[in-house]
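Could you look over this entry with me before we discuss it? My notes follow the display, in numbered points.

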Amino acid sequence: MNRPDSEQPDQGANQDDAVWLDLVARLESDTVALRPDSPAPGEQLPAETEPAAPEKPAQSAFRDFDPLGLAGAPPAELSAAQRQAAAGGQDAAQESPEGPRDYEVDDGGEEFVPEEPPSLAGTDPLTMLAWLGAVGGPVALLLSVMFWRAAPLLAIVGIVAAFVLGTVYLIMKLPEEKNGDDDGARV
């Protein structure tokens, strides 16, 4: 196995630290130096001539830094006084168009009233027992662990059996095929 000597300092880490500190210093400063061979903003190099000896780089504000040249010309910003004067000078006919948050939904004045759930009195008794076993089994086990520590093994096995049988019965009662006319929109 090839391990670096622990007594020698890591030269890569020192170089990384120096690069990082340089980057942080440049980002925290108010200005960014342009490359000496690049033209200053607003001027172009002639196509025939090559750049002369490196001169002192032009200073530019960090917000003007655009290495890919995607920003183009920055939009002219109005001062606060100019924005207030422009907003005050608009008449009601020239208001800005409505945005997505200006839209109001017409409810029609009707309140949603859910329909009454079906009565449990007409439910199949075997289905009701299966639901009691599937839901009540884990609840009964949790309560027996908390309050009835000395529960006999037969009671625990009976609770687990009720859970398993109820769950299997409910799964077996599920429809096997999907109704082709149902689009699934109704809950």
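1. Some ground rules come first. This is a predicted model, in which local features need pLDDT of at least 70 and side-chain atom pairs count only at pLDDT 80 or more, while totals for chains, interfaces and linings use all residues. Residues are numbered from 1 along each chain as its sequence is written, and side-chain values use heavy atoms, with hydrogens and water left out.

2. The protein chain has four helices and two strands, and from the N terminus on these elements follow the order α-β-β-α-α-α. Helices (H or I, at least four residues) and strands (E, at least two) are DSSP runs, numbered from the N terminus.

3. Of the 187 residues in the protein chain, 6% count as buried, where buried means under 20% relative accessible area, exposed over 50% and partly exposed in between, with a 1.4 Å probe and protein chains only. Among contacts (heavy atoms within 4.5 Å) with a separation of 6 or more, 68% join residues 24 or more positions apart.

4. Helix H3 (residues 125-147) and helix H4 (residues 153-172) have axes that come within 7 Å and cross at roughly 140°. The axes are lines fitted to C-alpha atoms, for helices over the stretch in contact, with angles running from 0 to 180 degrees between N-to-C directions. H3 and H4 are therefore oblique to each other, since angles under 35 degrees count as roughly parallel, over 145 as roughly antiparallel, 65 to 115 as roughly perpendicular and the rest as oblique.

5. Two residues of helix H3 deserve a separate look. Thr-127 lies in H3 and counts as buried at 10% relative accessibility; leaving aside residues up to four places away in sequence, Thr-127 touches Tyr-169, Leu-170 and Lys-173.

6. Arg-26 pairs with Asp-22, the closest N and O atoms being 3.4 Å apart. Arg-26 and Asp-22 are four residues apart in helix H1 (residues 11-28), so about one helical turn separates them. Arg-26 counts as partly exposed at 47% relative accessibility, and Asp-22 counts as partly exposed at 40%.

Note on methods. Salt bridge = Lys/Arg side-chain N within 4 Å of Asp/Glu carboxyl O.
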